[in-house]
Amino acid sequence: MSDTDDPIDRSGLRPRFWETTRLDRMTQREWEALCDGCGKCCLNKLEDDETGEVALTRVACRLFDDTTCRCAHYPIRQQFVPECISLKPHSIERHAYWLPETCAYKLLYEGKPLFDWHPLISGDPQSVHDAGVSMQHRTVPEFEVPEDDWEEHIIEEPT
């Protein structure tokens, strides 16, 4: 995959904007470009009511494409999945706890740098897959697994 195959338009962005711009000051294109395409946010998660601990499962949202690690209907996803979170700078504080440890939004919110495999640094959207960080070819669709069985699909986060 090359930059031209990237479903996120990363062209014409300010160089290394993520190092100099607060999340709430980024343009919409810059904000969207932070997504590395790992697909972990599209996994169904289990949260322990007592501890608040969040476990990832390999059970993916019904709109998740396991090959591309993208939402099949991203712009209108909430029409199909009303509970899908639309992460915004003003809501990241509320959602950071469940975001994947490698997520650029969470990393920047916590004042940490992006990983070298992030497409904004590597210049290649394939780098997240090559680094073994993505969920590419690692999921099962939620319509194949009853919710009561999700615990059987808990995984360690690929990092």
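Predicted model: local features only at pLDDT ≥ 70, side-chain atom pairs only at ≥ 80, totals over all residues.
Eight salt bridges were counted in the model. One of them joins the side chains of Arg-29 and Asp-9, with a nitrogen-to-oxygen distance of 3.5 Å. Arg-29 belongs to helix H2, which spans residues 28-33, whereas Asp-9 lies in the segment before helix H1 (17-20), so this contact ties together parts of the chain that are 20 residues apart in sequence. Arg-29 has a relative accessible area of 36% and is therefore partly exposed. Asp-9 also has a value in the partly exposed range, at 45%.

A salt bridge is also formed between the side chains of Arg-14 and Glu-30, where the N to O distance is 2.6 Å. This pair links distant parts of the chain, with Arg-14 in the segment before H1 and Glu-30 in helix H2, 16 residues apart. The two partners fall into separate accessibility classes: Arg-14 is partly exposed, at 41%, while Glu-30 is buried, at 2% relative accessibility. The limit for a buried residue is a relative accessible area under 20%.

Another salt bridge connects the side chains of Glu-110 and Lys-112, at 3.1 Å from N to O. Glu-110 is partly exposed, with a relative accessible area of 38%. Lys-112 counts as partly exposed as well, at 39%.

The structure contains zero disulfides. Cys-61 takes part in no disulfide, and its nearest cysteine sulfur, which belongs to Cys-71, is 6.2 Å away. A disulfide would require the two sulfur atoms to be within 2.5 Å. Cys-103 is likewise in no disulfide; the nearest cysteine sulfur in this case is that of Cys-38, at 6.8 Å. Cys-61 has a relative accessible area of 17% and therefore counts as buried. Cys-103 is buried too, with 10% relative accessibility.

Conventions
Residues numbered from 1 in each chain as written. Heavy atoms only, no water. Buried < 20%, exposed > 50% of the residue type's maximum accessible area, 1.4 Å probe, protein only. Salt bridge = Lys/Arg side-chain N within 4 Å of Asp/Glu carboxyl O. Helix = DSSP H or I, 4+ residues; strand = E, 2+ residues; numbered from the N terminus.
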